[in-house]
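Here is a short briefing on a protein model. Have the sequence and the 3D view open as you read.

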Amino acid sequence: MGIQKTLIDRPRGTIIGSASPQCAAYDAARFGVAGASYNVDSPYPVANKAFYLPLDIAEPCTAFKMVVSNGVTVSGNFDIGLYDQNGTRLVNSGSTAQTGISTLQVVDITDTALEPGHYWMAFAMDNITGRVYRAVPDINIMRACGLAEQVTAFTLPATATFGIPVSAYIPFVGVALVTTV
Amino acid sequence: MDSPRSFVVPRFVHTWSRWSTMEELSLMGYATLASGAFPAANEARFYPIRLPWPYPLKRFFVANGGTVSGNIDVGIYTPNGGKIFTKGSTAQAGVNVFQYLSVSPDIILDPGTYYLAIACSSATATFMRSQAGSIEYVKQAGELRQATAFALPASLTPVVITAPYRPLFGITSTESGF
């Protein structure tokens, strides 16, 4: 059977992040606003808000770690994790101190097997001083790509409540499918 | 890997996604999304999309702008202009929100190229859209129009566009939410 290869159906990389084709944030960041890419950092927009990024996994894999791209100021704590398509939390780091300016902070999580399907990457911070590299596309395009958010969601809840985007902000985060990052 | 082990389709396919000709326009120049009036009353606009997998079409959505007026119609057509589905005349409702329109009966779109179609009875109605960019770029992106096409017709007789207008709208495999 001839199957046209797509960006989603290509073999995935070792880290699937906000800028990866497997994440719906890819479209929002690429097309949302000219110049909205992840090469600028800014303070986290709302303390305790969680951002949920749709993730499409096309082949069985295992999530070993998660990553966040810290900006020039670190502060307080974050929580990063994965949810299934129904909003049930699968794994999360728990409250973790943001450390290492201008670095990719790698957080260990419980190894979690992922079957093909829809998931969500989730990220929340407890303050608006810490900075993260991010994209700032139009919120309507964020919504059209299925991105969601939830206020008062630190630490990440056991069950997500997906709200429509209000903050034009996509943190650069990812899930590592290898043990060494 | 020569073929995927499973199809995991995106929840949304729309005029601002990689499955539309925004892929091409992103390299040619386009403007920020903003509320703007529909180009002409009773006109229909068509935007190519490319689906590399079977797609379960559950709903359409339209990003309304700051003024709602009249009625809208949305649909999907083959590249030859044959109608697959149109919603029918529906009152535009909800300022600055996403308006969802259900699909019945269920439709599974085969992999292939389609036109997303939108028509509006009012030139006062607004949508979130991009209107800039050279008209020549937009033509290269395959956008077309048809005058006096509300509600959307059984088959298309499209003509070249005369002014760029790319509203944010599309299809979704979700049945509710968002």
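A cavity is a set of grid points where a 1.4 Å probe fits but cannot get out. By this rule, the model has four cavities of 30 Å³ or more. Keep in mind that the model is predicted.

- Rolling a probe the size of a water molecule over the atoms shows where empty space is left.
- The largest cavity has a volume of about 120 Å³.
- Its lining is made up of 16 residues. Nearest the centre of this cavity are Ala24(A), Cys145(A), Pro10(B), Phe12(B) and Trp19(B).
- Strand E3 (50–57) of chain A and strand E1 (12–14) of chain B each give at least two residues to the lining of the largest cavity.
- Sorted by class, the lining of the largest cavity holds ten nonpolar, two polar and four charged residues.

**Open space**
- The lining of the largest pocket counts nine nonpolar, seven polar and two charged residues.

**A sheet in chain A**
- Strands of a sheet pair through backbone hydrogen bonds, either parallel or antiparallel.
- In chain A, four strands make an open sheet, ordered E1-E13-E4-E8, with antiparallel pairing.
- Strands E1 (15–17) and E8 (104–114) of chain A each have a single partner strand, so one side of each has no neighbour in the sheet.
- From one strand to the next, the twist averages 25 degrees.
- E1(A) runs antiparallel to strand E13 (residues 173–176) of chain A, and three bridges join the two. Which residue of E13(A) is the bridge partner of Ile15(A)? The partner is Ala176(A).

**Backbone details: cis bonds**
- Ser104(B) and Pro105(B) are joined by a cis peptide bond, with omega about 0 degrees. Pro105(B) sits in strand E8 (residues 98–109) of chain B.
- Phe150(B) to Ala151(B) is also a cis peptide bond, with omega near -5 degrees. Ala151(B) lies in the loop between strands E11 (144–146) and E12 (159–160) of chain B.

**Backbone details: positive phi**
- Asn48(A) is not a glycine, yet its phi is positive, near 75 degrees. This residue is in the loop between strand E2 (40–43) and E3 of chain A. Its relative accessibility is 27%, so Asn48(A) counts as partly exposed.
- Asn42(B), not a glycine either, has a positive phi of about 70 degrees. Asn42(B) is in the loop between strands E2 (34–37) and E3 (43–51) of chain B. With a relative accessible area of 31%, Asn42(B) is partly exposed.

Methods. Residues numbered from 1 in each chain as written. Chains lettered and ligands numbered in written order. Predicted model: local features only at pLDDT ≥ 70, side-chain atom pairs only at ≥ 80, totals over all residues. Heavy atoms only, no water. Pairing = 2+ DSSP bridges. Axes fitted to C-alpha atoms, helices over the stretch in contact; angles between N-to-C directions. 1 Å grid on protein atoms, 1.4 Å probe; cavity = no way out; pocket = protein on both sides within 12 Å on 5 of 7 lines; lining within 4 Å. Points joined across faces, edges and corners; volume = space filled by probe spheres on them. Nonpolar A, V, L, I, M, F, W, Y, C, P; charged D, E, K, R; others polar. Buried < 20%, exposed > 50% of the residue type's maximum accessible area, 1.4 Å probe, protein only.
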